[in-house]
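Keep the viewer open as you read.

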Amino acid sequence: MRLNSDLNLDYVANLARLALSGEEKAQFAGQLADILGYVEKLKQVDVTGVEPMAHASPVYNVWEADVVRPGLPVEVALGNAPVQRHNLIVVPKVVE
Amino acid sequence: MNYEAVIGLEVHVQLKTASKIFTRVAAGYGEPENTLTDPVVLALPGALPVMNKVALDLVIKAGLMLECAIAPVCKWDRKNYFYPDSPKNYQITQYDQPLCLGGAVEIELPGPARNVMGEHKKIPLTRIHLEEDVGKLTHGVHDSLVDFNRAGTPLMEIVSEPALHSADEAFAFLTALRLALVQGGISDCDMEKGQLRCDANISIRPAGQTQLGTKVELKNLNSISFVRDGIAHEIRRQHAVVTAGGTIVQETRQYEGEAGTSAALRSKEMAHDYRYFPDPDLMPVKVDEAWLATIRATVPERMFDRQRRYLEEFQLPYTLTSVLVPQLALGAFFEEAAALGGKPQAVANWIANDLQRELAVAGVELAGSKVQPRHIAGLVALVESGVISSNMAKEVFVEMFATGEMPEAIVARQGLAQSTDTGELEQWVSEAIAGNAKAAAEFKAGNEKALNAIKGAVMKASQGKANPQQVDQIARRQLA
Amino acid sequence: MAADLIFQSATRLAARLGQGEISSVELLSACLARIKAVDGRVKAFNSYAEEGALALAQASDQRRAAGQARGPLDGLPVGLKDIIAVAGQPLTCSSKMLADFVSPYDATVSEKLKAAGAIPFGRLNLDEFAMGSSTENSAFGPTSNPWDLTRVPGGSSGGSAAAVAAGELPLTLGSDTGGSVRQPAALCGIVGLKPTYGLVSRYGLAAFASSLDQIGTLTHTVEDAALLLRAIAGHDPRDSTSFQAEVPDYGAELARRKGPWRLGVPKEFFGAGLDPEIRAAVRQAIEYYRQLGCEIKEVSLPLAAEYAVAVYYLIATAEASSNLARYDGIRYGHRSTAAKDAIDIYARSRAEGFGPEVKRRIILGTHVLSSGYYDAYYLRAQKVRTLIRNEFTAVLRDCAALLSPTSPVPAFKLGEKSADPLAMYLTDIYTISVNLAGLPGLSLPCGFTAGGLPIGLQLIGRPFDEAGLLAIARHYEQAHDWHTRHPEL
Ligand SMILES: [Mg+2]
Ligand SMILES: [Zn+2]
């Protein structure tokens with residue numbers, strides 16, 4: 001099957017939180033179909049028994065001791081915040 | 001038709017670490033808003049996560065305490081979803097390779113009476129994994145406010161099998177789990193502070209049916225009694241729906257503890273598609289025997305194993321074990337005192353009753369108690385060897401609690417030791433007989449009770465130091 | 001004065017600073033003059049802060065006067081791709097999303113540069129969030145190729161490459177996820193080094209594809225690359241993927257390593273789609289090495305050649321779709337004023353903040369990770385990536401390095417490929433597999449087209465053998481004068 005034909009732009013755009021315009025959808029649909037068509041070639045490769053490569057080099061147990069380092073002063077932490085109040089980030093009302 | 005409830009719990013527990021799980025800024029509760037952040041917590045461009053070794057240690061310890069299999073290798077995955085309290089808009093968690101697999105929590109159900117032990121059960125666990133907490137959202141009238149202090153706090157998720165069947169079992173499960181985690185120093189489990197949070201998956205099915213009914217996820221069970229009440233409420237609700245011929249819809253409901261009601265949450269926009277994939281910023285974790293051994297060495301005895309030991313080895317009554325067992329320090333105090341000799345029953349009594357009471361009254365922690373195990377052991381020995389009466393022991397206890405002086409010293413200093421000097425006793429008795437001629441006559445006439453008046457007089461004269469058994473013997477001989 | 005300070009190698013400038021012939025302030029002033037003269041046309045810079053930099057230059061001159069210079073880089077200005085954090089400086093990633101963002105912290109490389117006395121100067125243009133091969137995908141407009149202002153400088157580190165090629169700065173840093181340092185270096189006629197994955201900390205580099213990203217150097221000469229690499233390389237506890245490796249004195253190693261070497265030539269890297277002039281120039285470079293006494297061994301990398309681009313665009317976009325989720329206008333960045341509720345604010349802010357290429361890749365990456373597609377796309381791509389890595393490991397077992405073109409085409413016209421993303425992606429065909437395998441790669445000038453456009457030779461080395469790679473490149477460079485030619489501006 002050709003997976004690229006399955007690309008549901010509205011579904012994916014919603015997952016990605018991207019409000020796409022009509023033109024963008026039209027344009028992307030074609031371009032992404034080309035790209036997904038191109039990557040179909042990977043189906044030709046026999047990958048039976050091959051380990052997936054998640055990291056460039058397989059190293060384990062990279063950690064730090066539980067020793068506190070200073071963080072950012074609140075005014076610096078919120079220095080780039082679009083909207084803030086009383087040292088809190090303000091967002092439109094979240095309805096649960 | 002009668003129905004059976006099936007309950008599975010998902011418990012989130014904040015780990016007791018100094019710094020956060022993937023960066024070293026302090027973790028904590030009650031600090032001023034947004035003062036526990038750094039580039040990693042705020043997910044600034046370019047920030048990268050680095051594991052906290054102690055967070056891993058604590059989850060392995062929990063796993064060992066809860067009889068889990070510790071995975072030889074586990075990895076980190078990203079759970080992708082957008083929410084204002086989630087700075088990266090993905091949560092670093094463990095999807096298909098959790099750190100702990102299986103396991104069980106032993107619970108004790110309420111007995112028929114307070115002094116009678118209830119049924120014990122083992123509730124199987126599915127898994128325990130490690131992940132990061134999110135920030136805190138406060139909903140105002142016009143907008144919502146975000147504080148990221150909590151974001152990145154190490155969070156342990158414990159998932160039970162759907163093996164609980166009543167609100168009481170769920171309550172007992174959480175109680176036992178919380179005690180274990182507190183005793184293990186893994187978390188303070190303060191639900192007020194959100195250090196332990198519980199969601200429940202609840203369904204009902206006709207008794208005997210094997211396949212599960214439609215489950216409802218109950219959220220916001222943010223106090224241990226809300227867990228019991230909320231689950232009981234949800235079981236009643238489902239029962240009512242079904243018996244009224246309705247059907248249960250799969251949904252997430254929020255329990256309102258104060259009102260004792262629940263309402264369906266407006267399900268978050270679309271079907272969840274979290275697009276889990278291995279986090280390329282973090283290396284996997286390999287747990288070898290050496291590491292396990294170091295953690296094993298720190299694992300305390302399981303609570304109910306200790307309870308069994310106290311019941312069998314020390315022959316303590318259930319009521320005493322139920323005081324000593326839940327408090328690790330108190331149990332240790334008891335075992336230390338008992339090891340110094342003296343009837344474990346008596347030792348346990350002094351600790352579970354008198355000591356506990358005096359500490360409470362004085363508002364002193366056990367750690368700060370002047371009375372140490374050797375004091376209790378000494379006191380019990382004095383009573384058992386008949387040096388002092390149990391009534392006097394009470395006075396001695398109060399004295400040593402206040403001063404920390406050893407009981408032997410107090411007895412000696414205040415000359416409280418019972419007199420067994422027969423000369424002195426013969427003297428007191430003959431004086432008492434002389435002073436109570438009437439009672440003496442009645443006793444000789446066969447009135448046993450009359451002897452008490454004479455014994456009482458002896459005790460009075462001796463200020464209670466006379467040994468009652470000896471007084472009895474001597475009085476009978478003199479009156480014979 | 002100023003004239004003899006531009007187009008100078010950093011090594012030479014460092015020596016002259018050391019001998020007191022020039023001051024850091026003079027050098028920086030010469031750079032500023034050059035920038036003001038040519039950057040209106042090249043447009044390599046998104047921004048730069050003159051005063052702060054001059055203050056650092058003065059401080060450097062004072063250190064030197066007091067005999068407390070911190071080393072060869074002390075007093076040298078180093079330009080940074082506008083995707084690497086410097087405390088107090090803008091960090092835009094050439095995106096409207098971060099147009100007003102100022103970084104409150106230093107990337108590890110920025111810290112290291114400062115510690116070495118270097119002056120982090122200027123924010124250099126790039127394809128938005130490093131997604132592109134032409135620097136046309138910038139919210140602030142494209143950068144031009146100094147050799148032909150109607151052509152692209154390559155990308156995504158186009159600003160960093162153009163700034164060096166145009167004589168605006170002696171040294172710059174870029175980032176390379178699929179060729180973003182080497183390809184612009186080739187198209188601009190300078191030296192570009194992409195170190196082994198894990199040699200240079202990624203802390204403070206805004207992530208595009210975490211398992212592929214690596215900060216690299218853009219310089220006039222191989223010696224300069226060695227100089228700059230030594231300053232930024234090394235293990236960083238703040239980057240879990242950074243490697244516990246000793247950092248040699250690459251400059252000293254250049255002299256020590258003489259060769260001859262056995263060098264591999266992957267035959268598939270000379271196939272259809274390769275510009276004939278580039279093929280000829282690269283073949284000549286290979287000839288040079290043969291005459292030097294190197295054994296030239298034809299090797300085969302069939303999987304890398306055939307599948308690298310496909311694997312790359314699945315893995316890179318998948319990681320990017322997650323890495324760029326943090327740009328939501330909540331804690332920082334562009335927030336849409338049109339947003340009605342907390343759900344809406346994401347979709348609108350991101351729609352307004354991101355450009356088309358970024359959106360395209362986020363959509364692709366989200367799709368390939370979404371339920372039902374993960375195994376067919378992402379997981380399969382990761383397995384093929386393993387096979388490609390193994391292929392390189394095998395051929396590098398008995399080759400000290402591999403030789404190939406860096407780019408199949410010379411600098412193309414602005415706008416020429418923007419309508420066809422796939423065609424654009426294919427310009428990275430020789431560089432991408434090096435990132436997939438996590439290997440070091442270097443591009444150095446090896447000629448010009450008849451039209452006067454630079455041509456780049458790519459050398460691919462063994463993991464963490466940057467010293468060897470640089471030495472091999474240096475041999476060629478010393479015997480040729482390509483690097484001494486500079487564009488008329
Ligand atoms: Mg968020
Ligand atoms: Zn969870």
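## The nonpolar cores

A nonpolar core is a set of buried Ala, Val, Leu, Ile, Met, Phe, Trp, Tyr and Cys residues joined through side-chain atoms within 4.5 Å. Buried means under 20% relative accessible area, exposed means over 50%, and partly exposed lies in between, using a 1.4 Å probe and protein chains only. Please keep in mind that this is a predicted model, in which local features need pLDDT of at least 70 and side-chain atom pairs count only at pLDDT 80 or more, while totals for chains, interfaces and linings use all residues. Residues are numbered from 1 along each chain as its sequence is written, chains are lettered from A and ligands numbered from 1 in the order in which they are written, and side-chain values use heavy atoms, leaving out hydrogens and water.

The largest nonpolar core holds 202 residues, and those with the most contacts inside it are Leu73(C), Leu173(C), Tyr289(C), Leu459(C) and Leu470(C). Helix α10 (residues 302-323) of chain C gives the most to this core, with 13 residues. Helices (H or I, at least four residues) and strands (E, at least two) are DSSP runs, numbered from the N terminus. What does Tyr289(C) touch, not counting residues up to four places away in sequence? Its partners include Leu263(C), Cys294(C), Ile296(C), Leu403(C) and Leu459(C), where contact means heavy atoms within 4.5 Å. A second, separate core has 103 residues, including Cys68(B), Trp76(B), Leu125(B) and Ala176(B).

Helix α9 (residues 373-384) of chain B has 12 residues and reaches 17 Å from its first C-alpha to its last, close to the 16 Å expected at 1.5 Å a residue. The expected span is 1.5 Å times one less than the number of residues. Among the buried residues of α9(B) are His375(B), Ile376(B), Leu379(B), Val380(B) and Leu382(B). The buried residues of this helix pack against α7 (328-339), α8 (344-362), α10 (390-403) and α11 (407-413) of chain B. Just after α9(B), Gly386(B) takes a positive phi of about 75 degrees.

Which residues of α15(B) are buried? They are Gln470(B), Val471(B), Asp472(B), Ile474(B), Ala475(B) and Leu479(B). An α-helix has 3.6 residues a turn, so residues three or four places apart point the same way. The cover over the buried residues of α15(B) includes α12 (422-435), α13 (437-444) and α14 (450-461) of chain B.

## Salt bridges within the chains

A salt bridge is a side-chain nitrogen of Lys or Arg within 4 Å of a carboxyl oxygen of Asp or Glu. Arg205(B) pairs with Glu4(B), with the closest N and O atoms 2.7 Å apart. This pair links distant parts of the chain, strand β13 (residues 196-206) and strand β1 (residues 3-14) of chain B, 201 residues apart. Arg205(B) counts as buried at 12% relative accessibility, whereas Glu4(B) is partly exposed at 25%.

Arg197(B) forms a salt bridge with Asp133(B), the closest N and O atoms being 2.9 Å apart. Arg197(B) lies in strand β13 and Asp133(B) in the loop between β9 (120-132) and β10 (136-139) of chain B, 64 residues apart. Is Asp133(B) buried or exposed? At 4% relative accessibility, Asp133(B) is buried, while Arg197(B), at 23%, is partly exposed. A network of salt bridges also links Arg78(B), Asp279(B), Asp281(B), Arg202(C) and Asp239(C).

## Where chain A meets chain C

Chain A places 52 residues in contact with 62 residues of chain C. The area buried between them is about 5100 Å², of which carbon and sulfur atoms give 70%. Buried area is the accessible area (1.4 Å probe) that two parts lose on being put together, summed over both. Leu42(A), Met53(A) and Asn80(A) supply 14% of the area that chain A buries against chain C, more than any other three residues.

Two salt bridges are counted between chain A and chain C. Lys41(A) and Glu306(C) meet in a salt bridge at 3.0 Å, N to O.

## The magnesium site

The protein donors of the magnesium ion (ligand 1) are Tyr83(B) (O), Ser86(B) (O) and Asn89(B) (OD1), lying 2.1 to 2.4 Å from the ion. Donors are N, O and S atoms within 2.8 Å of the metal (3.2 Å for Na, K and Ca); water is not among the atoms, so sites may look incomplete. In sequence, the donor residues are spaced Y-x2-S-x2-N. Ser86(B) is buried at 3% relative accessibility, and Asn89(B) is buried at 0%.
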